[in-house]
Amino acid sequence: MFRLGSRDALIVVDVQNDFMPWGALPVNGADSIIPVVNRYLKLFSEVGLPVLATRDWHPENHVSFKENGGIWPRHCVQWSEGAAFAKGLELPPETFIINKGDRPELEAYSGFQGTLLEQLLRERGVRRVFVCGVATDYCVKNTVLGALNLGYSCVLLADAVKGVALETTREAVNRMLEAGAVAQTMEDLAP
């Protein structure tokens with residue numbers, strides 16, 4: 001059983017409309033994790049621990065878009081409905097919103113890349129992060145690896161992540177665990 005402590009924080013990665021099954025860059029079944037993510041949000045908020053939510057926040061001319069030489073269809077364009085947090089996600093009012101990929105020339109899979117995420121965690125004395133969201137094999141993986149590289153302990157909330165493809169998701173989870181992350185679920189967590 002994991003017990004939450006005063007140096008813990010929750011990072012919710014990219015739970016946005018465009019990554020839901022109805023979105024521009026759909027992750028199959030991504031909407032199915034929203035109730036579980038909401039349980040984590042409620043738990044961390046109730047005990048007064050920091051909650052941070054990353055989101056892709058791309059300008060119209062972002063380098064990742066196919067029309068600009070990238071590999072992805074247009075998604076999560078700033079101020080669009082697709083960039084909004086997914087319907088049903090219950091972010092507490094005190095959630096820190098982290099915009100990533102908000103410069104046209106910079107791809108950013110990690111929530112730490114080109115953002116204030118590390119600074120916000122350090123200012124709050126955070127030592128261990130719990131990470132959930134989409135997609136396991138891209139932005140979740142890179143956010144977890146980024147946290148580990150910066151010296152944080154990292155817990156992958158395995159019941160609150162969803163990946164693009166089974167094989168790449170399996171590889172991503174193995175890579176995170178090999179790097180030092182621990183995979184846990186709600187049943188393993190105590191406030």
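Which residue forms a salt bridge with Glu-67? The partner is Arg-74, with the closest N and O atoms 2.8 Å apart. This is a predicted model, in which local features need pLDDT of at least 70 and side-chain atom pairs count only at pLDDT 80 or more, while totals for chains, interfaces and linings use all residues. Residues are numbered from 1 along each chain as its sequence is written, and side-chain values use heavy atoms, with hydrogens and water left out.

**Salt bridges**

- A salt bridge here is a side-chain nitrogen of Lys or Arg within 4 Å of a carboxyl oxygen of Asp or Glu, and a search of the whole structure finds nine.
- Lys-100 pairs with Asp-56, their closest N and O atoms being 2.6 Å apart.
- Lys-100 lies in strand β4 and Asp-56 in strand β3, so this pair ties together parts that are 44 residues apart in sequence; helices (H or I, at least four residues) and strands (E, at least two) are DSSP runs, numbered from the N terminus.
- Lys-100 is buried at 0% relative accessible area, and Asp-56 is buried at 3%; buried means under 20%, exposed over 50% and partly exposed in between (1.4 Å probe, protein chains only).
- Glu-118 and Arg-122 meet in a salt bridge at 3.2 Å, N to O.
- Both residues belong to helix α2 (residues 117-123), where being four residues apart separates Glu-118 and Arg-122 by about one helical turn.
- Glu-118 is partly exposed at 29% relative accessibility, and Arg-122 is partly exposed at 37%.
- Through shared partners, salt bridges join Asp-14, Asp-56 and Lys-100 into one network.

**Aromatic pairs**

- Rings of Phe, Tyr and Trp (its six-membered ring) pair if their centres lie within 6.5 Å, with planes under 30 degrees apart counted as stacked, over 60 as edge-to-face and the rest as tilted.
- The count by this rule is six aromatic pairs.
- Among them, Phe-2 and Phe-130 are edge-to-face, at 6.4 Å centre to centre with 85 degrees between the planes.
- That pair links strand β1 (residues 2-3), which holds Phe-2, to strand β5 (residues 128-134), which holds Phe-130, across 128 residues.
- Phe-130 is buried, at 0% relative accessible area.
- Ring pairs also link Phe-2, Phe-44 and Phe-130 into a cluster.

**A charge over a ring**

- The charged end of Arg-55 sits over the ring of Trp-57, 3.8 Å from its centre; the rule asks for NZ of Lys or CZ of Arg within 6 Å of the ring centre and within 35 degrees of the ring normal.
- Trp-57 is buried, at 8% relative accessibility.
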